[in-house]
Amino acid sequence: MRVWALIKRIFRQMLRDKRTLALMFVAPLLILTLMYFLFNGNTIDPKLGVVGMDKSLIKALQKADIVVKQYDTASVDTITEDNLDGLMRENNGDLSLILQNDDPTVARALQLKVNQTAAAVFQVKLIKQNPALAGNMTQKSMDTTYVYGNKDTVFFDVLSPILVGFFVFFFVFIISGIGLLRERTTGTLERLMSTPIRRTEVVFAYLAGYGIFAVIQTIIVVLYSIHVLDIVLVGSIFHVILINLLLALVALSLGTLLSSFAASEFQMLQFIPIAVVPQVFFAGIFPLEGMADWLQAIAKVFPMYYAGDALKAVMYKGASLGDITGDLLALVVFAALFITLNIFALKKYRTL
Amino acid sequence: MDPAIRVEQVSKSFNKKPVLRDIDLTIETGQLYGLIGPSGAGKTTLVKMIVGMEKTDGGTVMVLDEKMPNLAMLQNIGYMAQSDALYTELTGEENLKFFASLYKLKKDVQKQRIAYAASLVNLTGDLKKRVAAYSGGMKRRLSLAIALIQDPKILILDEPTVGIDPELKLSIWNELLRLKNEDGKTIIVTTHVMDEAERCDFVAMVRDGRIITSGSPQELKAMYGVERFDEVFLQAGGKQS
């Protein structure tokens, strides 16, 4: 009943704080939408300047979605002046390519396209000169299939499951942490401790009170990503929600725990670079296999590592509950650990 | 009758700096007990130990014959902190209701106690307002009302009249006397205002973590041979150093 009184009070306070509510429910959707459009933008055709090249090659380049601009003479300066991605020249049958390389991704893509096109054109010429070669040279199209996703898969599809989890983690962490912190700084927590409430009752009331908001947020974020943003979901939506709920519980207990080491809201925000940002690095956005062994070991103490792994498995690869048991168990252990530490942290106020 | 509160040989240090040294005091049931002393003397630490919110380094605190800290005993103690610990997003009534439910009061008792406590501190008309809109004095009064909400046997008030106008201060003191005389409540008040100390049944002067002198206001005046009460404090303090 005391727990219930506390939950009711947390609810009242939250519902009166419209901005915090908006931050919790609208901000994650806003950022996800923004990310969605950022990653789904169309790639611009690269611009290539050419000097003294034969018509067939130019035509082939244009066919390969390259914007070709012809020059009589051109130098390296032309590239920067006309903002070309590259400049191709032919000198006595030898081809040379100068890449601007201000964006390595663009430069590499252009180089690949130019190489392929030039090779193809060269092949056609060879066949014309010697039709006998045509037989072994005709290209056979390769049949490609995919284990996960399909040919339209973009980076955002792989990234989005992790993002969904991360935003749930981030916003729950901030709001619950600052919620309990405010109770500390205004002295109401100490005041609570002069009533017959138990420390465990305070911790569980906080978990439940903010937890309900976290549940609502999680469901909104998941439904929005899947139904509005059309993020790939191969597995079950209930598994996605389950993972995110466990993650929210971890964030909630970690946020309230860390708030006991912060003396002000400012100090609470200082935990973001330490406790929140590294979570992104180890969530699976960057492939973990390539990391140094000690980094891989560190990754395993971050809850987002397990959540990211599980979310990617369910949403992108269609894993079943059995495949992600290990990850879920890890999240449960984290939550249990943080909740216990929370109860101990309140000992600062009263031993009972 | 047994004493309501017994403090024996209690000491406390923060960061190796002693705040309280070997405090002994006995508070009889139905007494209005004043702890007076300058800021930083250790009054707040002492009352927090009586409530059980602060651990003692040594010694024991007994409240109603139970060793503190004791969770069940908190039902019998109404505590008003030095700073107003209120939920400013909530209305005065919601604050009262919240604390009432922490003490597990029944619905009808809750209503009755809220009405009583609010009228006692003249807040009945302002109960529906959010605490954020309250003045400093109103917040102080609401804190006092919360301390009274569960009808505790013991009231521990840490500087209850700071920031309250003289008229209301008088009415609060009259009410404290009434609570003591009619309801037989034991009341501990900390203060640094001498005229308030003089209205207590028994006064202990705290300075640098020690009780330098104690007795009823009349006894103390006679002991130091002075007319005015504040001179007692000056003399007692002077004798120490």
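Helices (H or I, at least four residues) and strands (E, at least two) here are DSSP runs, numbered from the N terminus. This is a predicted model: local features need pLDDT of at least 70, side-chain atom pairs count only at pLDDT 80 or more, and totals for chains, interfaces and linings use all residues. Residues count from 1 along each chain as its sequence is written, while chains are lettered from A and ligands numbered from 1 in the order written.

Start with H8 of chain A, residues 155-185. After its end, Gly187(A) takes a positive phi of about 85 degrees. How many residues of H8(A) are buried? 24 of the 31, so the rest of the structure largely encloses this helix. Buried means 20 or more other C-beta atoms within 10 Å of the residue's own, with C-beta atoms placed from the backbone.

Now the sheet. Four strands of chain A make an open sheet, ordered S2-S1-S3-S4, with mixed pairing. Strands pair if DSSP finds at least two bridges between them. S2 (67-71) and S4 (94-99) of chain A are the edges, each with a single partner, so one side of each lacks a neighbour in the sheet. S3(A), residues 86-91, runs antiparallel to S4(A), joined by 6 bridges. Leu87(A) sits opposite Ile98(A) of S4(A).

Last, the contact between chains. Chain B supplies 23 residues and chain A 23. In contact means C-beta atoms, placed from the backbone, within 7 Å. On the chain B side, helix H2 (residues 92-102) gives the most, 5 residues. That side of chain B splits into 15 nonpolar, 4 polar and 4 charged. Nonpolar is Ala, Val, Leu, Ile, Met, Phe, Trp, Tyr, Cys and Pro; charged is Asp, Glu, Lys and Arg; the others, Gly among them, are polar.

Conventions:
Expected span 1.5 Å × (residues − 1). Buried ≥ 20, exposed ≤ 12 C-beta atoms within 10 Å, placed from the backbone. Contact = placed C-beta atoms within 7 Å.
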